[in-house]
Amino acid sequence: MPGNRFNSFQNHGVGIGLRIPHYEHIFSRKPVVDWFEIISENYMIDAGRPLATLDRILEQYRVVQHGVSMYFGSVTAPDPEHLRRLKQLVRRTKTPWLSDHLCWGSVDGTYTHDLLPLPYTWEAVDRTAERVRRVQDFLEIPVAVENVSSYAAFTASEMTEWEFLTEVVERADCGILLDVNNIYVSAMNHEFNPMDYVNALPAHRVAQIHIAGHSKYEKFILDTHDHPVIDPVWDLYARAVERCGPTPTLLEWDDHIPSFDEVHAEALKANRYLHRQAPELVEAAR
Amino acid sequence: MNLEAIQRAMAAAVLQPLTANEGMRAKTVDGRAMAEVAASFIAPNSRLNPFERLEIYNRQYWLRVLGSLAEDFPALRAVVGAARFDALAVAYLTEHPSRSFTLRNLGSKLVDWLKAHPEFAGRRHALAMDVARIEWAFVESFDSAERAPLTPAQIAALDGSSRLGLQPHLHLMVLHYAADELVLDLHKREKRLTSEAGVEHEEEERAPVNLPKVRRRATWLAAHRVDFSVYYRRLAREEFLTLEALRQARSLGEAIDAGFAESAIPERRRAACVQEWFGTWAELGWICAADGEA
């Protein structure tokens, strides 16, 4: 399956996050990597080494942008400077799609720099979908929203997280960046069956999949991106691929980052599932 | 509660400083019981009550912003000590939480804030201010814009009425101490790594760093970028004042007059000084067309 309209019909394969400790390896060894995901905010600057490095990467690799501060669910309006710089970067990278999180994180221009969960209410659906739509129109490329890990649930919620995600993406007519590790983390923290989530989401809108590791504490699980992917998360991934078909997949590893080869090898485990899917099976799985 | 009320309540709780034991405070800023406030919009699960669930976000927030500020100001942290820096950072961030989509700008008000709050720097306040200025200049110089510098032919055609611009990544500082060497030394010790605009810390020990003796003397410093790396260059007072005047859009003649005001440099040597400065500025690409001109 050659992708869908939410990832510009690109099936990029298996990528990893572009991280500073790997720069030297990438430039000296020029490893074969299907694609890199960059954190947009790291490059929304005027000039200097980060942009020069990005340009070198763009000469040799496919790059997709992933943001961490659009806060689609914040009630206060987005910063126009943020949008201006983001669009500038989109033009530079020619990213085929762009993702950010289905969350909120700022109020009246004060930023928490965290991916705070939304109450799953109809009001939040309306406001969030409207903002996604506006950002997508402004950027003129497909936008995918990522489900976040969460540690708190709201008394005001009127639906499940997957129902909320579905309502938002349908109304905004946008894609999904499906983070199967986040589903697992939230499922453990909120005591639901993660497979119910994967089985219910609108598979035809999944533009990309994230896989990652997490940290387990006594009473909750934290999304730390500092461990290999655990088997139950691979199981969710396998089911997601079964439903969505081969989908651009990215391993996130942001803390205690091991060698490039180690991170890349962990990511490439995804191929065990990606190449197993015949198109007819995908149709049947939906 | 509607969405806006939930977000305001949650943000207020998350941004409130932690207790000494790194827990969430029992009371809100306006004196209400935090447990009741949390329960008004957060649902419990079988393992955590609403207070404990909200506390996870409160802790994560402070871990993130304190870590980010420490990354950008490792030398300031060494000068005032780790414990004092933590207190300083909490006080600063409580007064100036992030107003930008990027953590890169988190320290943008720290120098002004520290000037107004000497109690957080102890007896090394003046030195701490200088170090903070230099470290913030590093952040700014690292990724500020770069404009096309004037060509030698354009420089040769300048006269006293010419107005010039300076490279956006050039940052000029007046210091009480020659603190640039100290900062460079401390950055080496902190294993400063080239990053987007900061450093990475090893797991630190909290013992105070033994600082070399730094002499108190007026110092004029420029932070600027060459080949994607930030450098510091000491300036003569006259050179600094001339550059400052140029940045304020004064004409070249006026800037040079401002530079030599109350200068001890004899009149006969001044033309040679200016020529030498221009040679260096041209070499470093500091001089550009005035703002608004090509």
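**Briefing: two-chain predicted model**

β5(A) and β6(A) form a hairpin with two residues between them, and A:D108 in the turn has a positive phi of about 50°. The model is predicted. Chain A holds a closed barrel of eight strands with parallel pairing, and 43 residues of chain B are in contact with 40 residues of chain A.

**Hairpin in chain A**

- Strand β5 (residues 104-107) of chain A pairs with β6(A) in the antiparallel sense, over three bridges.
- Within this pairing, A:V107 stands opposite A:T110 in β6(A).
- Strand β6 covers residues 110-116 of chain A, and six of its seven residues are buried, so the strand is largely enclosed by the rest of the structure.

**Barrel in chain A**

- The order of the strands in the closed barrel is β1-β2-β3-β4-β7-β9-β10-β13 (chain A).
- Direction ignored, neighbouring strands of this sheet are turned by 30° against each other on average.
- Strand β3 (residues 63-66) and strand β4 (residues 98-101) of chain A run parallel and are joined by two bridges.
- A:H66 has A:S99 as its bridge partner in β4(A).

**Contact between the chains**

- The contact involves 43 residues of chain B and 40 residues of chain A.
- On the side of chain B that touches chain A, the elements that give two or more residues are α1 (3-15), β1 (42-43), α3 (50-72) and α7 (125-143) of chain B.
- α1(B) gives the most to this side, with nine residues.
- By class, this side of chain B has 22 nonpolar, 11 polar and 10 charged residues.
- A strand pairing also links the chains: strand β8 (residues 153-154) of chain A and β1(B) are antiparallel, with two bridges.
- The bridge partner of A:A153 in β1(B) is B:A43.

**Helix pair in chain B**

- Two packed helices are described by the angle between their axes and the distance between the axes.
- For helix α10 (residues 237-247) and helix α11 (residues 252-259) of chain B, the angle is about 145° and the axes are 7 Å apart.
- The crossing of α10(B) and α11(B) is right-handed.
- From α10(B), the residues B:E238, B:E239, B:L241, B:T242, B:A245 and B:L246 meet B:E254, B:A255, B:I256, B:A258 and B:G259 of α11(B).
- By class, the contact of α10(B) with α11(B) has six nonpolar, two polar and three charged residues.
- B:L241, found in helix α10 of chain B, touches B:A258 and B:G259, not counting residues up to four places away in sequence.
- The C-alpha atoms of B:L241 and B:G259 are separated by 4.5 Å, although the two residues are 18 residues apart along the chain.
- B:L241 has 23 other C-beta atoms within 10 Å and is therefore buried, the cut-off being 20 or more.

**Two residues with positive phi**

- A:Y71 is not a glycine, yet has a positive phi of about 50°.
- The loop between β3 and α3 (80-93) of chain A holds A:Y71.
- A:Y71 counts as buried because 30 other C-beta atoms lie within 10 Å.
- B:D227, also a residue other than glycine, has a positive phi near 50°.
- B:D227 lies in the loop between β4 (216-226) and β5 (229-235) of chain B.
- B:D227 is exposed, because 7 other C-beta atoms lie within 10 Å and the cut-off for exposed is 12 or fewer.

Key
Residues are numbered from 1 along each chain as its sequence is written. Chains are lettered from A and ligands numbered from 1 in the order in which they are written. This is a predicted model: local features need pLDDT of at least 70, side-chain atom pairs count only at pLDDT 80 or more; totals for chains, interfaces and linings use all residues. Two residues are in contact if their C-beta atoms, placed from the backbone, lie within 7 Å. Helices (H or I, at least four residues) and strands (E, at least two) are DSSP runs, numbered from the N terminus. Ala, Val, Leu, Ile, Met, Phe, Trp, Tyr, Cys and Pro count as nonpolar, Asp, Glu, Lys and Arg as charged, and the others, Gly among them, as polar. Two strands pair if DSSP finds at least two bridges between them. Axes are lines fitted to C-alpha atoms, for helices over the stretch in contact, and angles run from 0 to 180 degrees between N-to-C directions. A crossing is left-handed if the near helix is turned anticlockwise from the far one by less than a right angle, and right-handed if clockwise.
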